[in-house]
Amino acid sequence: MSTGEETGRGATAADRVPDLVVRGERVLVASGEQPREVAVTDGVITAIEPLGAGLEGRRVVELTADQVLIPGLVDTHVHVNEPGRTEWEGFASATRAAAAGGVTTIVDMPLNSIPPTVDVAALELKQKVARDQAFVDVGFWGGAVPGNGAELRPLWDAGVFGFKCFLLHSGVEEFGYLEPDELEEDLRVLADFDGLMLVHAEDSRAIDRAPKPHGDHYDVFLASRPRGAENVAIAAVIETARWTGARAHVLHLSSSDALPMIRSAKREGVRLTVETCPHYLALAAEEIPDGATQFKCCPPIREIDNRELLWEGLLDGTIDCIVSDHSPSTPDLKELETGDFGTAWGGVSSLQLGLAIVWTEARTRGIPFARVVEWMSARPAGIAGLRRKGEIALGRDGDLAVVEPDTAFVVDPTRLHHKNPITPYADRALSGAVVATYLRGEEITFDRPTGRLLARGDA
């Protein structure tokens, strides 16, 4: 890329010279990759013209033939863990990783921070901690736990984008799970103000009756989180959403068995959306070595045939979007020395690598790059209600990334920005290098954090 010189500012807002102009043969707009010039003024996209229009700006970026300008990605499933478990991850490290991967907006999960985001006081504490550390924009989910039904509307009014709940033990004691009647009660509360409930859908009773995980064989761990536990829980979410009329979102779908009932529910008008994650689309149970606890997550990475059906679910629209479920921990909690899947923390760290992981797999299946970007930008932005994010369009925030889809690289964990460089993708060859990331027209260079905290209704 080449960078132009500063050319000055206009005298009034109406004729201001844009702060940034990007010109390229491959700009990903609503109609696909097109030769365009994009201008950003005061953080907002103010012009999109055919290439050759001659837009000028204080900074001008010329893309090379192998570079694509895409909207900044939106990752609505990130566990930042700060405050309380900042040794696992923090806002500075997580948002650096996001920016390095072309992600310009994250929405933080209400756990595993201490306190969890289950009331307004906890939300305000998290906002205070994040405010001066964020290198990308950050929004927040609230939590729905036993006994906090009266806190849901105040949290919504304070700007959370929705609420997360579990249907089984969350893995941390301070974030309890909802029984079926509690889920119904909370969904009825949310239906009154059209709130969104995100559900970790695995059935606690089915998990209790499954074999207990132990030892270093992945197949033993996989048997402890059967597809049936996920299928039963998703069926319950569908029916409860149908009864209450509330919006429900299934988190990190891993069981392809659930796809037919999801299709049916959507066809019948149930207000249901579904996400999956890069690890379910790129990895396979048959390929996980003994003791490789960096692959452990819940629900688990399943078999190759299951993976291929998830891709079909994306292509036919049953699955709406792809997000990371970035859930890091310290090395000791991953039990890397013992390799015990039964006691290791369950979570995959991939915030920086998501686009490359998904694109590497998608291109082998003949799926266009533009489709991948849509699943990882416009779709999650739409589910969360981030109206200014996820597309290169007039009036949207000037959140952009320059990507070289054909550039390959090998994952070096020491070059990842998240706090603990543990990843199942170590030494894996991926395609799709992020060259630069822009937040509201300003390139993110890690010199200073410029991310903003987002609230529902303002974003």
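## The largest pocket

Helix α5 contributes the most to the lining of the largest pocket, with 3 residues. Helices and strands here are DSSP runs (helices H or I, at least four residues; strands E, at least two), numbered from the N terminus. The model is predicted: local features need pLDDT of at least 70, side-chain atom pairs count only at pLDDT 80 or more, and totals for chains, interfaces and linings use all residues. Residues are numbered from 1 along each chain as its sequence is written, and side-chain values use heavy atoms, with hydrogens and water left out.

At least two lining residues each come from β11 (163-166), α5 (204-209) and α6 (218-224). In total, 37 residues line the largest pocket, and His169, Ser170, Gly171, Arg225 and Cys298 lie nearest its centre. A pocket is an open set of points on a 1 Å grid over the protein atoms alone, where a 1.4 Å probe fits, with protein on both sides within 12 Å along at least five of seven lines; lining residues have an atom within 4 Å of a point.

## The second largest pocket

The second largest pocket has a volume of about 500 Å³, a volume being the space filled by probe spheres set on the grid points, which are joined across faces, edges and corners. Its lining comprises 25 residues, with Ala100, Gln352, Phe409, Arg415 and Val434 closest to the centre. Strand β17 provides the largest share of this lining, 6 residues.

## Helix α2

In helix α2 (residues 120-130), the residues Ala122, Leu123, Lys126, Gln127 and Ala130 are buried (under 20% relative accessible area, with exposed meaning over 50% and partly exposed in between; 1.4 Å probe, protein chains only). These residues lie on the same side of α2 because they cover an arc of only 140 degrees around the axis, the arc being that of the directions from the helix axis to the C-beta atoms. On the other side of α2, Ala121 and Lys128 are exposed.

The buried residues of α2 pack against α1, β8 (103-108), β9 (137-140) and α3 (152-157). At the N-terminal end, Asp119 caps α2, with a side-chain oxygen 3.3 Å from the backbone nitrogen of Ala121.

## Residue Ser377

Ser377 occupies the loop between α12 (369-376) and α13 (378-384). Ser377 counts as buried because its relative accessibility is 1%. Leaving aside neighbours within four places in sequence, Ser377 is in contact (heavy atoms within 4.5 Å) with Pro71, Gly72, Leu73, Val74 and Gly390.

Technical notes:
A polar contact is a pair of N or O atoms within 3.5 Å; within protein, one must be able to donate a hydrogen and the other to accept it, and residues adjacent in sequence count only if both atoms are side-chain atoms.
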